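This report covers the packing, the open spaces and the aromatic contacts of one protein model. Please keep the sequence and the structure in view while reading.

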Amino acid sequence: MKITAVIPARAGSKSIPNQNVRIIAGHPLVYYAIKTALKSEYINNIIVSTDSEEVKTVAEQLGVGIRWRSKELSLDSATIDAVVYDTVKDDDSDIVVTLQPTSPLLKVETLDNAINYLIENKLDTLISVINDPRFSWSIVEGKKVPNYKERVNRDSLPANYVETGAFLIAKKDIITDKSRIGNKTDIYEIPFNDSFGIDSYENLQIVKFIMQRKKSAIYVNGNNTRGMGHVYRSLEIADELYMNPDIYYNSNETDPMVFGKTKHNLIAVDSEEELFEKCNEEGYSLFVNDILNTTIDYMEGLKKAIPGAKIVNFEDEGEGILKADLVFNALYSRSLIPSVYSGEKYYIAGRKFLYYEPICIKENVKKVFVSFGGADPQNYTERLLDIVSKEDYNDFKFIVVVGRANPNYNNLQKYVKNNVIILHDVDNMPEVMSKCDVAVTSRGRTGYELALLGIPTIAIAQNEREEKHGFVSNDNGFTYLGLSPADDIIESNLRMYLTASYKIRQAFQNKLLSHDLRSGRSRVMGLINNV
């Protein structure tokens, strides 16, 4: 079966001068229609109809046929039907596919599926459409009347198929200089992005932006040992990229449930080799690692899989940082390596925390926030609940948050009473925090969140890695107790916080709020975007 693609690309254009040869994302516009046809599994003949020497040059460079268009067929009044007929009238094609250069985002998979649809259904003509339900009006007998019976939500409106310029496929024997529409005609719905056509300077800018935007991915893992903070931060980064990045995770280390209800594309891999293989297929231009320590071998394997990609690592203490383009270690002190940005300036605050203002310090402490991260491997939560179960603490309310990765949640229910509330997998953490007067937490990202809200905080390290975190310290307004302090030390400091005067707690808050933690998000993304 001979299937010919006809690409009409004249020199003249009413809306945008030199439209078909304008350079977009490194190539002339007509290039993209030709390349789509060349990649098709079905199309085996390509002819560009033109009166432009520049278009002719592009077609020759790509090795496709050229039909020099007559002056009459190059006028604004000439129809596409007449142009296509002129191109194939002496050709022995079975099917003719008209591809418009003004739809450069059309994917070859979409086109091939449409061609196959026409063949399987024995159609004469197939027209590309998008489904665009809208409230619309018509003029009937001189009166403006609605094309709907009742106003409902847009997603409840009936389908409204709008033709696009992406493609029109027709059997050769029904094509005339007046029509390409046969008796058996159907429509083929395509994705909105595939249909986007250039008919104005505004659309030209949008298409250029879409074609030039980076394709990105994130690799992250989270579990009881590693904690959940990496996952949470990766989801925040994903939202900041203004695109939908692929998010990879190792299925041997991470349960996909830790990602919650995210709409981002989650991809499981079971080894670094599988990750590299998938990355090589996708060809990312930006890749983010949030997996703690990377090795030289891992980074070299990743660079080989996605050559030319910019690689950004978060909280990486491994030797792999020497191969990364950028490294952010907000929890650690200053680095001597130029590509490593360390310290509180590069902390990425969760989006919801930026909705809230710092708490107001009250005369007396009434509510205490308690959270030891998503997993709490040291079981600090139960140790603290043992302490506050004494009658001495009945006048204070303890709001305890247990992360989704904490295996001890059910056992902790025995501590629930009038002054102890245990919450699990909280969706809006800043709302819970902001109702409290003081806090007890781990020496991780939660410390940053509490500082951003100005909540006086006692902090305890979960492991040796957290002992290295520099921000949560006495100098910055926290009371830091080290790794696994004795219960009597925890209790004595808790009592001090519960009875501390307004003046003392205000002084703690002033120190906490002296750090600009709200700007780190934009600061980090600015550096990533400029890599």
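## Basis and a covered helix

A residue is called buried when its relative accessible area is under 20%, exposed when that area is over 50%, and partly exposed in between, with a 1.4 Å probe and protein chains only. Helices (H or I, at least four residues) and strands (E, at least two) are DSSP runs, numbered from the N terminus. The model is predicted, so local features need pLDDT of at least 70 and side-chain atom pairs count only at pLDDT 80 or more, while totals for chains, interfaces and linings use all residues. Residues are numbered from 1 along each chain as its sequence is written, and side-chain values use heavy atoms, with hydrogens and water left out.

Helix α3 (80–88) is mostly covered, with seven of its nine residues buried. These are Asp81, Ala82, Val83, Val84, Asp86, Thr87 and Val88. Their cover includes β1, β4, β5 (65–68) and β6, where contact means heavy atoms within 4.5 Å.

## Nonpolar cores

A nonpolar core is a set of buried Ala, Val, Leu, Ile, Met, Phe, Trp, Tyr and Cys residues joined through side-chain atoms within 4.5 Å. The largest one has 34 residues, of which Leu99, Phe167 and Ile169 touch the most other members. Elements that each supply at least two residues of this core include β1 (3–8), β4 (45–50), β6 (95–99) and β10 (161–171) among the strands, and α1 (29–39) and α4 (108–120) among the helices. The largest share, six residues, comes from α1.

Leaving aside residues up to four places away in sequence, Leu99 touches Ala5, Val6, Ile7, Pro8, Ala33, Ala37, Leu106, Leu111, Ala166 and Phe167. Another core lies apart from this one and has 29 residues, including Ile399, Met429, Ala439 and Leu450.

## Cavity and pocket

Both kinds of space are found on a 1 Å grid over the protein atoms alone: a cavity is a set of points where a 1.4 Å probe fits but cannot get out, and a pocket is an open set with protein on both sides within 12 Å along at least five of seven lines; lining residues have an atom within 4 Å of a point. Grid points are joined across faces, edges and corners, and a volume is the space filled by probe spheres set on the points.

There is one cavity of 30 Å³ or more. The largest cavity has a volume of about 40 Å³, and Leu99 is among its lining residues, along with Tyr32, Gln100 and Ala166. Helix α1 gives the most to this lining, with three residues.

The second largest pocket holds about 700 Å³ of space. It is lined by 33 residues, and Gln19, Gln100, Thr102, Ile198 and Asp199 are the closest to its centre. Strand β10 gives the most to the pocket lining, with four residues.

## Aromatic pairs

Rings of Phe, Tyr and Trp (its six-membered ring) pair if their centres lie within 6.5 Å; planes under 30 degrees apart count as stacked, over 60 as edge-to-face and the rest as tilted. The whole structure has 21 such pairs. In one of them, Phe167 and Tyr188 are tilted, at 6.5 Å centre to centre and 50° between the planes. Phe167 is in β10 and Tyr188 in β11 (residues 185–189), 21 residues apart. Both Phe167 and Tyr188 are buried.

Phe328 and Tyr346 form another tilted pair, at 5.9 Å and 45°. Phe328 lies in β17 (residues 326–329) and Tyr346 in the loop between β18 (340–342) and β19 (367–371), so the pair ties together parts 18 residues apart in sequence. Phe328 is buried, with a relative accessible area of 1%, and Tyr346 counts as buried at 12%. Phe314, Phe328, Tyr341 and Tyr346 form one aromatic cluster.
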